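Work through the exercises below with the model open. Try each task before reading its solution.

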Amino acid sequence: MTVGDEAGTGSESRDPLEVWIDQDLCTGDGICAQYAPEVFELDIDGLAYVKSGDDELLQAPGATTPVPLPLLRDVVDSAKECPGDCIHVRRVSDRVEVYGPDAA
């Protein structure tokens with residue numbers, strides 16, 4: 001089974017997900033902000049950060065934000081296409097990464 005196939009998608013739809021960015025690996029390409037501008041934004045330092053539901057840039061290291069279900073595909077595509085492999089999507093319940101460089 002590969003990440004993102006039908007069996008994996010069912011569990012993600014039931015379990016809330018959160019996303020965070022490792023700024024130490026961010027290359028500043030902005031692909032994430034193009035895919036999901038509601039979730040990601042580039043700051044003046046040229047690095048990408050996640051945003052809160054209130055559109056506030058979350059700059060603390062390891063800051064997470066919930067992944068809205070309607071934006072799940074865009075967030076997953078961001079993680080897959082990120083040249084820095086710095087976008088991590090994990091289940092809130094057990095903090096297991098389901099998309100990103102550390103996904104099983």
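## Exercise 1: strand S1 and its partners

S1 and strand S6 (residues 87-91) pair in the antiparallel sense, over five bridges. The model is predicted: local features need pLDDT of at least 70, side-chain atom pairs count only at pLDDT 80 or more, and totals for chains, interfaces and linings use all residues. Residues are numbered from 1 along each chain as its sequence is written, and side-chain values use heavy atoms, with hydrogens and water left out.

**Task.** Find the residues that stand opposite Glu18 in S6 and in S5.

**Solution.** 
1. Strands (E, at least two residues) are DSSP runs, numbered from the N terminus. Two strands pair if DSSP finds at least two bridges between them.
2. Go to S6. Arg90 is the bridge partner of Glu18 there.
3. Turn to strand S5 (residues 65-66). It pairs with S1 over two bridges, in the antiparallel sense. Here Pro66 stands opposite Glu18.

## Exercise 2: the two sides of S1

**Task.** Sort the side chains of S1 by direction.

**Solution.** 
1. Recall the pattern. In a regular strand the side chains alternate between the two faces of the sheet.
2. Sort. Leu17, Val19 and Ile21 point one way. Glu18 and Trp20 point the other way.
3. Check burial. Buried means under 20% relative accessible area, exposed over 50%, partly exposed in between (1.4 Å probe, protein chains only).
4. Conclude. Five of the five residues of S1 (residues 17-21) are buried, so the strand is largely enclosed by the rest of the structure.

## Exercise 3: salt bridges

**Task.** How many salt bridges does the structure hold?

**Solution.** 
1. Apply the cut-off. A salt bridge is a side-chain nitrogen of Lys or Arg within 4 Å of a carboxyl oxygen of Asp or Glu.
2. Count. The structure holds five.
3. Start at Lys51. Its salt bridge with Glu41 has the closest N and O atoms 3.6 Å apart. This pair links distant parts of the chain: Lys51 lies in strand S3 (residues 48-51) and Glu41 in strand S2 (residues 40-42), 10 residues apart.
4. Lys51 is buried at 7% relative accessible area, whereas Glu41 is partly exposed at 30%.

## Exercise 4: the Arg91 pair

**Task.** Which residue meets Arg91 in a salt bridge?

**Solution.** 
1. Find the partner. Asp94 meets Arg91 at 2.8 Å, N to O.
2. Classify both. Arg91 is buried, at 17% relative accessible area. Asp94 is partly exposed, at 40%.

Methods:
Helix = DSSP H or I, 4+ residues; strand = E, 2+ residues; numbered from the N terminus.
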